[in-house]
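Please open the model in your viewer and keep the selection tool at hand. The tour goes stop by stop, saying each time what to select and what is there.

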Amino acid sequence: MKNIISSSFDPEVQPKHLDKAYKSTLLRAPSKPLIIAKKSLSDSTGPLFEDFNLGELDHDLTKNSIKISEPLGERIVVHGRVTDEKGQPIPHTLVEIWQANAAGRYVHKVDQHNAPIDPNFLGTGRCLTDAQGNYKFYTIKPGAYPWGNHHNAWRPAHIHLSLFGNAISSRLITQMYFPNDPLFQYDPIFNAVPPKGRELLVSSFDLDITEPDFALGYRFDIVLRGHNATPFENK
Amino acid sequence: MKKRQTPSQTIGPFFAYGLTPEQYSYDFLSLVDGNMAEGINENKIIRISGTVYDGNANPIDDAMVELWQNDGEHKLFGRYGTGTDQNNAFAFRTIKPKSINGQAPFINLILFMRGQLIHSYTRIYFSDEEELNAKDEVLSSVPHERRETLIAKKEGDSYTFNIYMQGENETIFFNV
């Protein structure tokens, strides 16, 4: 079969494992070249999560962990379409997100940033794409926060996303950023992506999905890579 | 026209309340955990555990490990973070997949952590499958001196699979 998309991580848009400016990579990036292996059944498939019942509010971070009242911050709608590299939508695939609150603080116990925790905001959610590959979350715009990579290091505001697609090669964890963030130029994680890829990580403001009197809309489309064809598959 | 892939970014240090919430005692239901074999006959169950080491041979306490296996009969997925065990181990309860086309059984492992801008793929093979391992096309094609890094060591009904990001025993990672 020749019609398998030959698609490794695209070096023109994907970061390298090792990036000296992002110091945590120094002891954690594999140092030896990756090895191409023959494909098997399990490589060309992936988990489906068909038997898991998503909660009614799992996609709505403004409501899914209210204790007393609504969380603080600017309400936003994040939506987009998940496709493969041919532009074909990927329906019914899981999208998981997590993020800091409006003050730039994560609920995670390890986060020591001295900014307030919002008792009404956990900062995580999930949904499945619909039949056309569309997803939608309601959340609070996250704040920027400092980190220890170098002196006066701040991460631009971002939302973490985790996706599966149809095969293990389409697995993706990424971060969505907001337009025109002045911190982009100083952030080694954002800049670990080659210049052609950076704009792909920035959402766009979208008045069409902005909900009147309720929430600002941001669009973030996601493209998952296909199978990485090997000579073994060309029989 | 071919669309550009969305670039990968690190999972960062703060994924646990979103991706492995119950394991880390957050108030959110987990989709999956380390128990992949729920409802499967007890006498088939195996346990796989291990530690992820950085380039200084220190255990990594903020990695996330995912396992995926599909032998045509059982499609099993698991996820576990290395931040709750006192030795920073991951721990899975699953079954050994069947051999397909005479190849050695294996489980896909995907590894995520702060300090990885792209996740890493490796495979778990089994030390008590010597005959199939010896004939396996993938195991035969990897550098011989590094082959052992892919083989989980059996003790009782448990297997140990440690992962070394760098150094003398650096685990083989695949371009999947």
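Predicted model: local features only at pLDDT ≥ 70, side-chain atom pairs only at ≥ 80, totals over all residues.

How many helices and strands does chain B have? Select chain B and colour it by secondary structure: chain B has three helices and nine strands, where helices (H or I, at least four residues) and strands (E, at least two) are DSSP runs, numbered from the N terminus.

Residues are numbered from 1 along each chain as its sequence is written, and chains are lettered from A and ligands numbered from 1 in the order in which they are written.

Stay with the whole of chain B for a moment. Its C-alpha atoms fill a box of roughly 45 × 45 × 40 Å, taken along the principal axes. Of its 176 residues, 48% count as buried, a word used here when 20 or more other C-beta atoms, placed from the backbone, lie within 10 Å of a residue's own, whereas exposed stands for 12 or fewer and partly exposed for what lies in between.

Next, select B:I48, which lies in strand β1 (residues 45-53) of chain B. Is B:I48 buried or exposed? B:I48 is buried, because 25 other C-beta atoms lie within 10 Å. Leaving out residues up to four places away in sequence, B:I48 touches several residues, among them B:F92, B:I124 and B:F161; two residues are in contact if their C-beta atoms, placed from the backbone, lie within 7 Å.

Then move to B:N88, in the loop between β3 (75-81) and β4 (89-95) of chain B. B:N88 has a positive phi of about 60 degrees although it is not a glycine, and it is partly exposed, with 19 other C-beta atoms within 10 Å.

For the next stop, select A:H92, in the loop between β1 (75-83) and β2 of chain A. A:H92 is not a glycine either, yet its phi is positive, at about 55 degrees, and A:H92 counts as exposed because it has 12 C-beta neighbours inside 10 Å.

Finally, show both chains together: the contact takes 65 residues from chain A and 53 residues from chain B. On the side of chain A that touches chain B, β8(A) gives the most, with four residues.
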